[in-house]
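Please find below my note on the model under review.

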Amino acid sequence: MSKGLLLVLSAPSGCGKTTIVNRVMKRLPGLVFSVSHTTRHPRPGEIDGVHYHFVTSSVFSRIRDGQPAGFLEWAEVHGNLYGTSVEEVRRHQQAGYDVILDIDVQGAAQVREHASPVTIFIAPPTLSELERRLRGRGTEDAATLALRLENARKELACVSAYEYLIINDRLDEAVESLRSIIIAERSRQRRTLSGQTMPWGT
Ligand code: ADP
Ligand code: 5GP
């Protein structure tokens with residue numbers, strides 16, 4: 001049975017990752033978004049179970065510290081805890097879906113230790129444009145916005161650890177880049193699996 005790809009996407013907050021992923025998912029079948037657990041409070045419009053599983057710190061710790069551990073990776077990001085459910089990723093992959101993990105640079109490093117993800121970094125054209133987008137989104141108070149911008153500089157220093165870099169300048173081009181990367185990686189996986197599954201054998 002073919003197993004879905006694990007696609008790890010990281011980007012500084014406000015860069016446009018959610019916007020890009022939503023558009024690619026509408027245009028490319030076979031993709032599923034892994035809904036993370038977080039202790040962050042929901043933003044207006046965010047739905048529990050759709051955007052995140054919003055949990056308390058004690059629930060988060062219980063999942064994290066379970067035997068076996070319930071998170072494939074977890075990290076503290078901008079003062080909140082975030083984690084990817086092992087069970088959710090496994091279920092989607094076994095159903096043949098390619099799974100998108102929207103996780104930070106710390107989480108990406110952990111996933112690389114256990115699995116062979118396709119890693120993609122999305123960067124803003126400039127830091128001032130990132131600030132403009134983050135302010136324009138209007139979801140952060142002044143302190144949270146400052147923290148996210150400060151962290152953006154550190155996250156951008158990690159680009160070289162990723163296989164692909166997309167600069168989200170023009171949105172339609174960034175969407176097309178991500179879509180193309182996924183199509184190419186599907187072809188690579190098909191070639192790798194061909195010895196096992198194709199009638200002409202090895
Ligand atoms: P992230 O998920 O990376 O935190 P969002 O997808 O929420 O970021 O995008 C942040 C803001 O930037 C949103 O208001 C979105 O509409 C806007 N945005 C996204 N991509 C672009 C782009 N290429 N040009 C201009 N604005 C953009
Ligand atoms: P936000 O609060 O803006 O939704 O996300 C903040 C940051 O947390 C983003 O960089 C996002 O990629 C990251 N993030 C979201 N879910 C997870 C997760 O499950 N694990 C890790 N390590 N980071 C996550």
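Predicted model: local features only at pLDDT ≥ 70, side-chain atom pairs only at ≥ 80, totals over all residues.

1. Residues are numbered from 1 along each chain as written, ligands are numbered from 1 in written order, and side-chain values use heavy atoms, without hydrogens or water.

2. Strand 8 covers residues 118–123 and is largely enclosed by the rest of the structure, because 6 of its 6 residues are buried (under 20% relative accessible area, 1.4 Å probe, protein chains only). Strands here are DSSP E runs of at least two residues, numbered from the N terminus.

3. Val-118, Ile-120 and Ile-122 point one way from strand 8, and Thr-119, Phe-121 and Ala-123 point the other way. In a regular strand, side chains alternate between the two faces of the sheet.

4. Strand 8 pairs in the parallel sense with strand 1 (residues 6–10) over 4 bridges, and likewise with strand 9 (residues 164–167) over 4 bridges; pairing requires at least two DSSP bridges. Leu-7 has Val-118 as its bridge partner, and Ala-123 has Ile-167.

5. A polar side-chain atom of Lys-17 lies 2.8 Å from an oxygen atom of ligand 2. A side-chain N or O atom of Arg-43 is also 2.8 Å from an oxygen atom of this ligand, and one of Asp-104 is 2.8 Å from a nitrogen atom of ligand 2.

Terms used: Buried < 20%, exposed > 50% of the residue type's maximum accessible area, 1.4 Å probe, protein only. Polar contact = N/O pair within 3.5 Å; in protein donor to acceptor, adjacent residues only side chain to side chain.
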